[in-house]
Amino acid sequence: MRKKFTDKQTKILDVAEELIAKKGFEGTSVRDICSKANINVAMISYYFGSKEKMMSYLYQYRVQRTKESFSEFAQTIKEGKPEMQMKEIVNYVISLLFKYSYFHGFVTQEMRSLDNVKDDLLEFYQTCVGRLDEIIKRGIVSGVFHNAPKSEDILTMIIGSTLFVIRNKNFYEMYVPANNDAQYMKEAEQKLKNSTLLSVFALLDYDAD
């Protein structure tokens, strides 16, 4: 069942996410969150139970918001040509994963295995696959795509490649010249987008002419 968050919970989670993005999970304390959210420390226990449970709720909250934003984005481009839609969706998903890459500092397998989180992730993946399916079918009918790979395989390639890059910075940075972390993330994201698009359009046997 989809978790519904109260306005107060949403405010706290938004603040927690903002601080973690800036200071990292280990560098963000409950007191930091409470101070910025202008609440008593006891409110964390009241609304979430503990800091660890709050992190689980934060992950679930972000998954829900990501699914909603993806659906809204897909609607804005639905009238475009299939090749444009495919490019935009690949870039959008990769950008989202890079934007929220700091989640990998605290999201555990246990969090991903929680029933509510699993349901939200599954719904998000199914939404992505459904949209990719529609684009591929349109591309085949219009003649710009000559092959119809499985949408779930394309999504797996996009997400899997992006998570590999995010989790293996010590390897990938050898191939991405950068002077600092911010520049590295920007250059790595663009490099990955370029290579992923090449792979996806090759699978689709895209006819640019």
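# Helices, packing and core

Reader: How far apart are the end C-alpha atoms of residues 6-66?
Author: The UniProt record, an unreviewed entry, annotates residues 6-66 as "domain: HTH tetR-type"; such annotations may be inferred rather than shown by experiment. The span is 77% helix and 0% strand, where helices (H or I, at least four residues) and strands (E, at least two) are DSSP runs numbered from the N terminus. Its end C-alpha atoms are separated by 18 Å.

Reader: Which pLDDT do local features need in this predicted model?
Author: Residues are numbered from 1 along each chain as its sequence is written, and side-chain values use heavy atoms, with hydrogens and water left out. The model is predicted: totals for chains, interfaces and linings use all residues, side-chain atom pairs count only at pLDDT 80 or more, and local features need pLDDT of at least 70.

Reader: What is the helix content of residues 29-48?
Author: UniProt lists residues 29-48 as "DNA-binding region", again from an unreviewed entry. The end C-alpha atoms of this stretch are 15 Å apart.

Reader: How many helices does the chain have?
Author: Read along the sequence, the pattern is α-α-α-α-α-α-α-α-α-α. The chain has 0 strands, and its number of helices is 10.

Reader: At what angle do H5 and H10 pack?
Author: H5 spans residues 82-99 and H10 residues 181-203, with axes (lines fitted to C-alpha atoms over the stretch in contact) 10 Å apart. Contact (heavy atoms within 4.5 Å) involves residues including Met-86, Val-90 and Phe-98 of H5 and Leu-192 and Val-200 of H10. On a scale from 0 to 180 degrees between N-to-C directions, the angle is about 145°.

Reader: How many residues are in the largest nonpolar core?
Author: A nonpolar core is a set of buried Ala, Val, Leu, Ile, Met, Phe, Trp, Tyr and Cys residues joined through side-chain atoms within 4.5 Å. Among those with the most contacts inside the largest one is Met-54, which touches Ile-12, Leu-13, Ala-16, Ile-33, Ile-44 and Phe-48 beyond its neighbours within four places in sequence. H1, H4 and H10 are among the elements that give two or more residues to this core.

Reader: Why is Ala-21 classed as partly exposed?
Author: Ala-21 lies in helix H1, and its C-alpha atom is 6.1 Å from that of Tyr-102, 81 residues away along the chain. Buried means under 20% relative accessible area, exposed over 50%, and partly exposed in between (1.4 Å probe, protein chains only). Ala-21 is partly exposed because its relative accessible area is 41%.
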